[in-house]
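I opened the notebook to go through one model, element by element. The entries below follow the order in which I looked things up.

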Amino acid sequence: TIADNTFHGLSYYGVLVANNTDVDVTGNSFSDIVNPDPSVSPTWGAGVRTYTPSASFGLDLDHNNFTDNAVGLGIRLGSDLPPGSVTITNNTFDGNTDHIINQGTPASDLTLGGDNIFDSVKLSDATDDQLLALSDKMVDAVDNSSYGSVVLNAVDVYFTADSFFAPGTTILSLQRALDTE
């Protein structure tokens, strides 16, 4: 368990969760974590970042605050997360450049549960307009078909004029969004 810590003003990441790790990350504060070179890795600058997760990997994010980071949660490019291995509940994401970047494989979907709050809006109470704005702070399969999804709710996929992620994709694609369902 990684609990009740403050990670402030760091480069690269606050916590790196790797390999066979099965850990609860709870009650922590991650703020002002920067990415020293986004051209090398967009998931640097994350409060919590994964690295080469294996079949026994597990991550439970609960009651953490992610504030003014380059990225709240970063799933490293090509990570093959076991289904259901990451739970994201009751966290607050506020002011991050991107709240979640999921560069995991297409099967590495993340489903948000509990009462997560994004930019002062509880996810379960968010309007369609708020969900559209939130989707622009998530990088996932809607933005690049080789990535895993970030599921905001079980019914809808959110697609906006900014639904792409360079350099992998430089134009939006309605078909790419439809293929995530």
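Is W44 buried or exposed? I looked up its relative accessibility, which is 18%, so W44 counts as buried. The cut-off for buried is under 20%. I note here that the model is predicted.

**Entry: overall counts.** I counted two helices and 17 strands in the secondary structure. The protein has 181 residues, of which 45% count as buried. I put the accessible surface at about 8200 Å², with 51% of it belonging to carbon and sulfur atoms. Among contacts with a separation of 6 or more, 69% are between residues 24 or more positions apart.

Entry: I traced an open sheet of five strands, in the order 3-6-9-12-16, with parallel pairing. Strand 3 (13-18) and strand 16 (138-139) stand at the edges with a single partner strand each, so one side of each has no neighbour in the sheet. I then checked strand 3 against strand 6 (residues 46-51): five bridges join them in the parallel sense. V15 has V48 of strand 6 as its bridge partner.

**Entry: strand 10.** Next I took strand 10 (residues 86-89) and asked which residues lie on its covered face. They are V86 and I88, while T87 and T89 are on the uncovered face. I recalled that side chains in a regular strand alternate between the two faces of the sheet. Strand 10 runs parallel to strand 7 (residues 58-62), and four bridges join the two. Strand 10 is also joined to strand 13 (residues 110-113), again parallel, by two bridges. I88 takes part on both sides: I88 is the bridge partner of L61, and I88 stands opposite L112 in strand 13.

**Entry: nonpolar cores.** I listed the largest nonpolar core at 29 residues; V48, L59, L73, I88, I100, L110 and L112 touch the most other members. Elements giving two or more residues to this core include strand 3, strand 7, strand 9 (71-75), strand 10, strand 13 and helix 1 (128-135). A second, separate core has six residues, among them A46, A70, V71 and Y147. I went back to V48 and left aside neighbours within four places in sequence. The contacts of V48 then include V15, V17, V25, F30, L59, L61, F66 and L73.

**Entry: aromatic pairs.** How many aromatic pairs does the structure hold? I found five. I looked at Y12 and W44: the ring centres are 4.8 Å apart and the planes at 80°, so this pair is edge-to-face. Y12 sits in the loop between strand 2 (6-8) and strand 3, and W44 in the loop between strand 5 (29-31) and strand 6, 32 residues apart. Y12 is partly exposed, at 38% relative accessible area, whereas W44 is buried.

I then looked at F66 and F93, whose ring centres are 4.7 Å apart with planes at 10°, so that pair is stacked. F66 belongs to strand 8 (residues 65-67) and F93 to strand 11 (residues 92-94), 27 residues apart. F66 has 0% relative accessibility and counts as buried; F93 is buried too, with a relative accessible area of 0%.

Definitions and conventions:
Residues are numbered from 1 along each chain as its sequence is written. This is a predicted model: local features need pLDDT of at least 70, side-chain atom pairs count only at pLDDT 80 or more; totals for chains, interfaces and linings use all residues. Side-chain values use heavy atoms; hydrogens and water are left out. Buried means under 20% relative accessible area, exposed over 50%, partly exposed in between (1.4 Å probe, protein chains only). Two strands pair if DSSP finds at least two bridges between them. A nonpolar core is a set of buried Ala, Val, Leu, Ile, Met, Phe, Trp, Tyr and Cys residues joined through side-chain atoms within 4.5 Å. Contact means heavy atoms within 4.5 Å. Rings of Phe, Tyr and Trp (its six-membered ring) pair if their centres lie within 6.5 Å; planes under 30 degrees apart count as stacked, over 60 as edge-to-face and the rest as tilted. Accessible areas come from the Shrake-Rupley method with a 1.4 Å probe; for residues, only the protein chains shown count as cover.
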